Amino acid sequence: MSMQEARQDMVARQLAGRGIADEGVLRAMGAVPREAFVPPAHHGLAYADGPLPIGRGQTISQPWIVARMIEAARIGPGSRVLEIGAGSGYAAAVMAQMGAHVLAIERDPALAEAARLRLEDLGYELELLCGDGSAGAPQSAPFDAIIVSAAGPRLPEPLRRQLAPGGRLVMPVGSAEAQRLLRLTAPDPPGSGDPHIEDLGGVRFVPLLGAEGWPS
């Protein structure tokens with residue numbers, strides 16, 4: 001099976017077959033070459049139904065989790081999106097493929113530089129910064145959606161403040177052993193009520209390190 005065939009099979013079986021319904025997400029994940037975002041030794045597993053190591057103690061999430069988080073964030077063409085914990089850059093590429101304006105932050109310098117070069121080589125237009133993203137990017141706020149690809153002890157207040165009216169924050173929250181994927185939707189108009197928080201199910205992520213996460 002070619003990589004393209006494996007990619008389309010992944011979309012059909014792992015994503016659409018397990019409830020991902022957002023056509024924009026399905027099209028984008030059928031177009032982005034996931035094999036370019038994993039080490040060469042794992043190219044043959046690029047479309048397997050599970051996470052893969054990308055070095056520096058980090059992983060690329062399984063395809064279904066990537067799709068689930070992006071779908072939950074309700075991202076579309078023109079959306080202003082902040083991703084915290086960019087890792088290999090794969091999820092950022094998927095969102096850019098969907099037409100979103102993406103700012104991605106990765107705390108590990110080696111991973112950030114590798115992701116930046118990879119995204120540039122593949123022609124994806126987005127901004128990728130290296131630093132502590134746990135407190136967001138207030139200088140670039142507000143965002144229609146914020147996706148945190150690492151687990152923290154709580155939904156950080158600084159991230160809530162950086163959402164546009166009706167904006168969505170999608171983030172795994174909990175301990176190292178047990179986490180829940182949460183979606184917070186900001187009130188629209190601002191001040192019209194409390195944020196709406198939904199539990200989207202159990203997940204397992206690497207820890208969010210930094211000022212608004214776990215101590216490094």
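On a 1 Å grid over the protein atoms alone, a pocket is an open set of points with protein on both sides within 12 Å along at least five of seven lines, and its lining residues have an atom within 4 Å of a point. A volume is the space filled by probe spheres set on the points, which are joined across faces, edges and corners. In those terms, about 710 Å³ of space lies in the largest pocket of this structure. This is a predicted model, in which local features need pLDDT of at least 70 and side-chain atom pairs count only at pLDDT 80 or more, while totals for chains, interfaces and linings use all residues. Residues are numbered from 1 along each chain as its sequence is written, and side-chain values use heavy atoms, with hydrogens and water left out.

**Pockets**

- The largest pocket has 41 lining residues, and Q58, T59, G85, S149 and V206 lie nearest its centre.
- Two or more lining residues of the largest pocket come from each of β2 (58-60), α3, β3 (80-84), α4 (90-97), β4 and β9; helices (H or I, at least four residues) and strands (E, at least two) are DSSP runs, numbered from the N terminus.
- Helix α3 provides the largest share of this lining, four residues.
- By class, the lining of the largest pocket has 21 nonpolar, 13 polar and seven charged residues; Ala, Val, Leu, Ile, Met, Phe, Trp, Tyr, Cys and Pro count as nonpolar, Asp, Glu, Lys and Arg as charged, and the others, Gly among them, as polar.
- The second largest pocket has a volume of about 200 Å³.
- It is lined by 16 residues, and A100, H101, V102, E125 and L126 are the closest to its centre.
- The lining of the second largest pocket has eight nonpolar, five polar and three charged residues.

**The seven-stranded sheet**

- Seven strands form an open sheet with mixed pairing, in the order β5-β4-β3-β6-β7-β8-β9; two strands pair if DSSP finds at least two bridges between them.
- Strands β5 (127-130) and β9 (196-203) stand at the edges with a single partner strand each, so one side of each is left without a neighbour in the sheet.
- Neighbouring strands of this sheet are turned by 15° against each other on average, direction ignored; axes are lines fitted to C-alpha atoms, for helices over the stretch in contact, and angles run from 0 to 180 degrees between N-to-C directions.
- Strands β6 (residues 143-148) and β7 (residues 163-174) run parallel and are joined by four bridges.
- In this pair, A145 stands opposite R168 in β7.
- Helix α5 (residues 109-122) packs on the sheet and touches β4 (101-106) and β5, and its direction makes about 165° with that of β5; contact means heavy atoms within 4.5 Å.

**Helices α1 and α3**

- Helix α1 (residues 3-15) packs against helix α3 (residues 63-72) at an angle of about 70°, with the axes 10 Å apart.
- That makes α1 roughly perpendicular to α3; angles of 65 to 115 degrees count as roughly perpendicular, under 35 as roughly parallel, over 145 as roughly antiparallel and the rest as oblique.
- M10, Q14 and L15 of α1 meet P63, W64 and A67 of α3 in this contact.
- By class, the contact has five nonpolar residues, one polar residue and no charged residues.

- Strands β1 and β2 run antiparallel and are joined by three bridges, with L52 opposite I60 in β2.
- R56 lies in the loop between β1 (52-55) and β2.
- The hairpin has two residues between its strands, and R56 takes a positive phi near 60° there.

**Cis peptide bonds**

- Most residues other than glycine have a negative phi, and most peptide bonds are trans.
- A cis peptide bond joins A141 and P142, with omega about 10°; P142 is in the loop between β5 and β6.
- The peptide bond from D188 to P189 is also cis, with omega near 5°, and P189 is in the loop between β8 (179-185) and β9.

Technical notes:
1 Å grid on protein atoms, 1.4 Å probe; cavity = no way out; pocket = protein on both sides within 12 Å on 5 of 7 lines; lining within 4 Å.
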